[in-house]
Amino acid sequence: MRVFTAGLQSETNTFAPWPTGERAFAEGGMRRGGDVLRGSAPDYQTAQRWRDLCVRDGNDFVAGLFAWAQPSGPIIQSVYEAMRDEILAALREQGPFDMVLLFLHGAMVSTGCDDCETDLVQRVREIVGPSAAIGVELDPHCHLTQALVDVADAIVLMKQYPHDDYLERGEDLYEICLAKARGEVRPTSALFDCRMVGFYRTTQEPMASLVAGFRAAEQQPGVLSVSFAHGFPWGDTPNTGSRVLVITDGDADLAARLAETIGREIYDAREALLPRFPTVETALSQALETRGLVVLADTADNAGGGAPGDNTSLLRAMLDRCVTSAALGAIWDPISALACADAGVGATLRLRIGGKSGPASAEPLDVVATVRAVRERHSQAGLGTSRSGMGLSVWIEVAGIDVVLISIRTQVFSPDAFTGLGIVLADKKMVAVKSSQHFQTGFAPIAARIIPVATQGAIQMDFATLPYVEKSDLNYFPRVADPLA
Ligand SMILES: [Zn+2]
């Protein structure tokens, strides 16, 4: 067997003010061929796992382009097309292939295409023909379309959020596609539309038990895979929403029945699944009343969902409340980071931090800051065993709060975003992180309490009022109480 692999990922926030261009992919990561096998990001690790499985099975492994960009607005069309066409050219020139495995996101929108993944996979199909097995691994925050299900042989989504299971799902996909290529199974997919828009934390109930149910359903005879597409609420496309995908071995009825059964279980839990986070004021009061370290999540300013990462509201509220023994990170502010780095450790200077990217960033904050540490190429533990670069980063102290400023826009995944600069978290009262959910893996072990906060910013959790223009079906929960009735 000959196996071709490629990756193209970004989670487009169509409400974000800036497009995603070439520099965003250059900064995020672009590797090709053998170079992919030396990278540590989740997409490269997945390619490495596929390579290992190919070696095990005596299959030829070929890697095309693997590219990822921190999300922002729609990808500039020429940038998308250049990457797409590079993947297709490699596929054409190095073929023929029996299997194609693609590590995509599922919520990629370009300025000329609202469903880049389907566009790419349809072109892949034209090249490899109907008999090759095409497998796609997706992030659960995807707009899973019937068109993509129709053109791929198998689609497998990460089940967990935080997405720590990307390697296991890559293995699932490989095994299904290999069995299909060998003629041992006939992957048959069904999609059920839950008519929901939501934010589903698999670390919490009732979602944790629902995910356990997906795994149990995969043990049924004839069932190859069960996935839940959470959807990406901040991507306004015709197909935005939550869906269940079931793959069986040749049994279309079973796939459809099981997808609906699981979809209705999720639907029945829809009220309990709605995120209900406290306001900033309430969250700060709760944190101050709690013994031990409290982790506050600035859920609305998560760069991983396309937010700018320089919103100042939470820091301003902490300063207004005279909170001390606290840390906050990471504010994306390369200009201030440069100024602090030049001023040097120990310098005290007046700074205007954050609030620069657009209306979702709130107002810039004028502070007197003391520079405590400077690190040229700071990084933190990312998803799984990957690392996430933060670039030139500084620790500044502002009125008793240790603040991290970074130069590469990213959410906070892990405590070493702070401790890597020398900040001690153990003796803190509270630490505020710019992230919606991925921080849970790293911070849960050190937190006495975690409080996701209903902050103001680019990622609002009030799904009933998101200003959709492109989404074709507005009959969805929570905009409508019982849309499946
Ligand atoms: Zn995701």
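Domain bounds here come from an automatic or database domain assignment. For the protein chain, that assignment gives domain 1 (2–273) and domain 2 (280–460). The model is a predicted one, in which local features need pLDDT of at least 70 and side-chain atom pairs count only at pLDDT 80 or more, while totals for chains, interfaces and linings use all residues. Residues are numbered from 1 along each chain as its sequence is written.

**Stop 1: the two domains**

Colour 2–273 and 280–460 separately, as domain 1 and domain 2. Their centres, taken over C-alpha atoms, are 31 Å apart. Two residues are in contact if their C-beta atoms, placed from the backbone, lie within 7 Å. On that criterion, 23 residues of domain 1 are in contact with 18 residues of domain 2. Which elements give two or more residues to the side of domain 1 that touches domain 2? Select α2 (42–57) and α6 (166–181) to see them. Helices (H or I, at least four residues) and strands (E, at least two) are DSSP runs, numbered from the N terminus.

Next, colour that side of domain 1 by residue class. Ala, Val, Leu, Ile, Met, Phe, Trp, Tyr, Cys and Pro count as nonpolar, Asp, Glu, Lys and Arg as charged, and the others, Gly among them, as polar. The side of domain 1 that touches domain 2 has eleven nonpolar, eight polar and four charged residues.

**Stop 2: helices α3 and α4**

Select 77–94 for α3 and 116–128 for α4. Their axes come within 10 Å and cross at roughly 20°. The helices are therefore roughly parallel. Axes are lines fitted to C-alpha atoms, for helices over the stretch in contact, and angles run from 0 to 180 degrees between N-to-C directions. Angles under 35 degrees count as roughly parallel, over 145 as roughly antiparallel, 65 to 115 as roughly perpendicular and the rest as oblique.

α3 passes α4 in a right-handed crossing. A crossing is right-handed if the near helix is turned clockwise from the far one by less than a right angle, and left-handed if anticlockwise. Show side chains for Tyr80, Arg84, Leu88, Leu91 and Arg92 on α3, and for Cys116, Leu120, Arg123, Val124, Ile127 and Val128 on α4; these residues make the contact. By class, the contact of α3 with α4 has eight nonpolar, no polar and three charged residues.

**Stop 3: helices α7 and α8**

Move to α7 (residues 207–217) and α8 (residues 252–268), whose axes come within 11 Å and cross at roughly 165°. The pair is therefore roughly antiparallel. The crossing of α7 past α8 is right-handed. Leu210, Gly213, Phe214 and Ala217 of α7 make the contact with Leu258, Ile262, Glu265 and Ile266 of α8. Six of these residues are nonpolar, one is polar and one is charged.

**Stop 4**

Pro187 lies in strand β7. Is this residue buried or exposed? Pro187 has 21 other C-beta atoms within 10 Å and is therefore buried. A residue is buried if 20 or more other C-beta atoms lie within 10 Å of its own, exposed if 12 or fewer, and partly exposed in between, with C-beta atoms placed from the backbone. Leaving aside neighbours within four places in sequence, Pro187 is in contact with Asp153, Ala154, Ile176, Lys180, Leu224 and Ile247.

With 9 other C-beta atoms within 10 Å, Glu289 is exposed.

**Stop 5: backbone exceptions**

Most residues other than glycine have a negative phi, and most peptide bonds are trans. Arg195, in the loop between β7 (187–193) and α7, has a positive phi of about 50°. Arg195 counts as buried, with 21 C-beta neighbours inside 10 Å. Ala399 also has a positive phi of about 50° and sits in the loop between β14 (387–398) and β15 (401–406). Ala399 is partly exposed, with 15 other C-beta atoms within 10 Å.

Finish with the cis peptide bonds. The bond from Gly329 to Ala330 is cis, with omega near -5°, and Ala330 is found in strand β11 (residues 326–332). Phe477 and Pro478 are joined by a cis bond with omega of about 10°; Pro478 lies in the segment after β17 (449–453).
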